[in-house]
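I opened a new structure today and kept notes on what I looked up. The entries follow in the order I made them.

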Amino acid sequence: MKITDMEPGDPRLGAEVLPVLQELRPHLTAELFSEVYAEGYPQGLRFTAAYTDDGSCAGVAGWRVAANTSALRKLYVDDLVTAERARSGGVGRALLAYLEDRARELGCRTLQLDSGTRRTDAHRFYLRERMDITAFHFTKKLG
């Protein structure tokens, strides 16, 4: 498995990364993805992809480093998705390990993510990976 950080404009973003990301974020069109990455990149948004030995994209992580008063400096994972065809093959574990290493390299104290309340398979995975449930996340839709 090869793990690669993706730069804006990389043609693999739309052709290979987006279809995997859409398994978690089905509302994401190519146009929206391009807009979000263009706006988010200067704010620290990054995408990392995991490729199998045959060259297919098997997993994607969207992440950023953030400074705040609660964690001081954290690597926050916006998206972590393994393609359905590649699940239970170590892709998620490899991406998470890569992100942990990046977090340490970047001086982060924690790696954090949110997970939807109904994503019980993902929760089991995060708990197996020794992550703790430390908060509730509240949302209020605007407009």
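How do the residues of the lining of the second largest pocket divide into nonpolar, polar and charged? I counted eight nonpolar, five polar and eight charged. I note here that the model is a predicted one.

**Entry: the second largest pocket**

I looked up its volume and found about 550 Å³ of space in the second largest pocket. Its lining has 21 residues, and those closest to the centre are T82, R87, S88, D121 and F125. I then checked which elements contribute: α1, β4, α3 and α4 each supply at least two residues of this lining. The most comes from α4, which gives six residues.

**Entry: the largest pocket**

I turned to the largest pocket next, where the space comes to about 1100 Å³. I listed 35 lining residues, with L113, D114, S115, D132 and I133 closest to the centre of this pocket. Which element gives the most to the lining of the largest pocket? I found that β4 does, with five residues. By kind, the lining of the largest pocket holds 15 nonpolar, nine polar and eleven charged residues.

**Entry: the sheet**

I went on to the strands. Five of them form an open sheet in the order β1-β2-β3-β4-β5, and the pairing is mixed. Why is one side of β1 and of β5 left without a neighbour in the sheet? Both stand at the edges, β1 as residues 2-6 and β5 as residues 110-113, and each has a single partner strand, so one side of each has no neighbour in the sheet.

I looked at one pair in detail. Strand β4 covers residues 72-82 and pairs with β5 in the parallel sense, over four bridges. Across this pair, L75 stands opposite L111 in β5.

**Entry: helices on the sheet**

Which strands does helix α1 touch? I found that α1, residues 12-24, packs on the sheet and touches β1, β2 (46-51), β3 (57-68) and β4. The direction of α1 makes about 90° with that of β4.

I then looked up helix α3, residues 91-105. It lies across β1, β2, β3, β4 and β5, and α3 runs at about 160° to β4.

Notes. Residues are numbered from 1 along each chain as its sequence is written. This is a predicted model: local features need pLDDT of at least 70, side-chain atom pairs count only at pLDDT 80 or more; totals for chains, interfaces and linings use all residues. Side-chain values use heavy atoms; hydrogens and water are left out. Two strands pair if DSSP finds at least two bridges between them. Contact means heavy atoms within 4.5 Å. Axes are lines fitted to C-alpha atoms, for helices over the stretch in contact, and angles run from 0 to 180 degrees between N-to-C directions. On a 1 Å grid over the protein atoms alone, a cavity is a set of points where a 1.4 Å probe fits but cannot get out, and a pocket is an open set with protein on both sides within 12 Å along at least five of seven lines; lining residues have an atom within 4 Å of a point. Grid points are joined across faces, edges and corners, and a volume is the space filled by probe spheres set on the points. Ala, Val, Leu, Ile, Met, Phe, Trp, Tyr, Cys and Pro count as nonpolar, Asp, Glu, Lys and Arg as charged, and the others, Gly among them, as polar.
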